[in-house]
Amino acid sequence: MAEMITIKEAAARWNLTERRVNELCRVGRIEGACKNGSKWEIPANAEKPRDLRRKSPALVRNGSSKKLPLPIGISDYRKASMDYYYVDKTLLIRDFIDERPQVSLFTRPRRFGKTLNMDMLRTFFEKTDEDTSIYFRTKKIWNCGSEYRSYQGKYPVIFVTFKDVKCETWEETYELISKILRNEFERHSELLISNRLSSFEKKYLKDILNGKADESDISMSFLNLSRMLDEHYGIAPIIIIDEYDTPIQQGYMQGYYDQVVLFMRNLFSGGLKDNRHLSYGFLTGILRVAKESIFSGLNNLKINSILDRRYSEYFGFTPEEVQEMATYYDVPEKYEEICSWYDGYRFGDTDIFNPWSVMGYFNNDCIPQAFWQSTGSNDIIREILSQATSETMVRLEQLMQGKSFVTHIDTNVIYPQIQKEPSSIYSFLLVAGYLKAVKCDQPFGGDYMCEVALPNKEITFVYSKEIIAQMEVALSSSSVVSVQEAIYLQDIPALQQRLGQFLMQSISFHDAANETFYHGLVLGLCAMLDNRYRIISNREAGNGRFDIQMIPLDKKMPGILVELKAGKNCSEAQLEKLAENALEQINERSYDVDLKGAGVEKILKYGVAFSGKSAKIVTI
């Protein structure tokens, strides 16, 4: 009997990940591989399978070797898979064919590959004059067998993406959506000369193409176009709608929410609900928004949220895929840094990296930055901060300190709930990519109880920036910059003066000192100091519990202790006495013991007292 080796041994021998070798066994790429129970065994003399990925003239220089460029901003599957380093997600097609729900909704955060995956589905399924099988012959789906290949190039496809519909008014939104739909009709202009369509149908087509259709006609676009494609080709089309909820979010933020929801409900219902001219439908978005009745009565809709296991590995990069990428670009030693900055998401039972940021990292000479922050609006964070209760601010502080907490998660959350139900905040943050689910249980119907935390350094940075942006109404940007300059230059007298001014401005903006302000101040300091300090609040030290402690990451920088006191209707003398008491408390209770123990030589101590909009700061 031939000598056999394990997956682990083969991976080490061929310089591949164990996941990759397992996949090669599963799709029949390793001759003689067989399963022993639940584990694959491989002939010891088996040769490493040849890399079937097509090489391209589109190359980038990385050191002395040429490497394929990364598909940053590329949502065209043909280009991404042929001319760039493409992380193969084609087994999503296999899993869909195995399940075959009539309408599938995938909810994922922005920039996690939704549009590229939808274009992949379009390219695979669409019936065209071009032989599009060439884009899949070297991909995983092609090795799954003839049953799956038989679906390739079989269906007419309706494809639209609403990812760029971000207008300030409903009129502008309607005009842009109409244009997107009109362009899709134009892509199917062969219908104008079809001998299977009636003259009435052709007139409707011409009205759409000439911009003469009214809102009623536009809202029936998916229904009418699918019927005509079915009549022309003799097979019902597939409808793919990418980022369906972008106009809805924009409508909520800009004040035309009801109008856009009503229009979208009619548009989607016509194409997806009880439509006998539909083979399959795919939608992507950030939120499910089922309670808005956009999908009312759509009993053929299969939801695939970030908490579901199915399809969990197809949006974003898995650890194995990132390791392979790091090895390909000759920086395997950078994997741990990539993890700390861009890992931490968990979709279903799969650990996931932010794909946009991972690619940005490699493309930026492996210098970490918050690449995801600049890819779109963080209005959700701003909205949450503007509505935050004192309890919310306490929990946000916990998150910034690397802690987690358990909360109720409703995957059906809708935008107006932010104002009506403060607890919905965490549901928004989770589905939008600002939180991760550490643990998750589903005790009640479709809702969950989840332990949540911040995913990684990048998201911590995003929180910090949005928190300081929220405070800009109270603080001039020059005052924030002046504190940062004093810290950077290690100018202690200037830092004492400017930080005092910063605290004074912060406090005087509020009508009263309360928990919301206190925790807002802590979070604001976190953002302002831009990861130069580790911020801790309400923690035991010495002989008591300090209010705010700022431990410098560079021991040459000064440590900072802040103790806060509040009073009602205090005179100036009373305020000064309160501030002095706060300062005395820092000294008497030895709050500086941790800073001294950490080797911090310079320690700034602030006693702060406030009453209404008046404040007094004393310092040592």
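Reader: Is Asp95 buried or exposed, and how do I read that?

Author: Buried means under 20% relative accessible area, exposed means over 50%, and partly exposed lies in between (1.4 Å probe, protein chains only). Asp95 has 15% relative accessibility, so Asp95 counts as buried. Keep in mind that this is a predicted model, where local features need pLDDT of at least 70 and side-chain atom pairs count only at pLDDT 80 or more, while totals for chains, interfaces and linings use all residues. Residues are numbered from 1 along each chain as its sequence is written, and side-chain values use heavy atoms, with hydrogens and water left out.

Reader: Where is Asp95, and which residues does Asp95 touch?

Author: Helices (H or I, at least four residues) and strands (E, at least two) are DSSP runs, numbered from the N terminus. Asp95 belongs to helix α4. Contact means heavy atoms within 4.5 Å; leaving aside residues up to four places away in sequence, Asp95 touches Tyr311, Glu313 and Tyr314. A polar contact is a pair of N or O atoms within 3.5 Å; within protein, one must be able to donate a hydrogen and the other to accept it, and residues adjacent in sequence count only if both atoms are side-chain atoms. The side chains of Asp95 and Tyr314 make such a contact, at 2.8 Å.

Reader: How many aromatic pairs are there, and how is a pair described?

Author: A pair of aromatic rings is described by the distance of the centres and the angle of the planes. Rings of Phe, Tyr and Trp (its six-membered ring) pair if their centres lie within 6.5 Å; planes under 30 degrees apart count as stacked, over 60 as edge-to-face and the rest as tilted. The whole structure has 35 aromatic pairs. In one of them, Tyr85 and Tyr329 are tilted, with 5.7 Å from centre to centre and 45 degrees between the planes. That pair links distant parts of the chain, 244 residues apart: Tyr85 is in the loop between α3 (77-83) and α4 (91-99), and Tyr329 in the loop between α13 (319-328) and α14 (335-342). Both Tyr85 and Tyr329 are buried.

Reader: What kind of pair do Phe96 and Phe125 form?

Author: Phe96 and Phe125 are edge-to-face, 6.0 Å centre to centre with 80 degrees between the planes. Phe96 lies in helix α4 and Phe125 in helix α5 (residues 114-125), so the pair ties together parts that are 29 residues apart in sequence. Phe96 is buried at 1% relative accessible area, and Phe125 is buried at 0%. Ring pairs also join Phe96 and Phe125 into a cluster with other residues, including Tyr77, Tyr86 and Phe136.

Reader: Where is Tyr77, and which residues does Tyr77 touch?

Author: Tyr77 is in helix α3 and is buried, with a relative accessible area of 0%. Beyond four places in sequence, the residues Tyr77 touches include Tyr86, Leu116, Met120 and Phe136.
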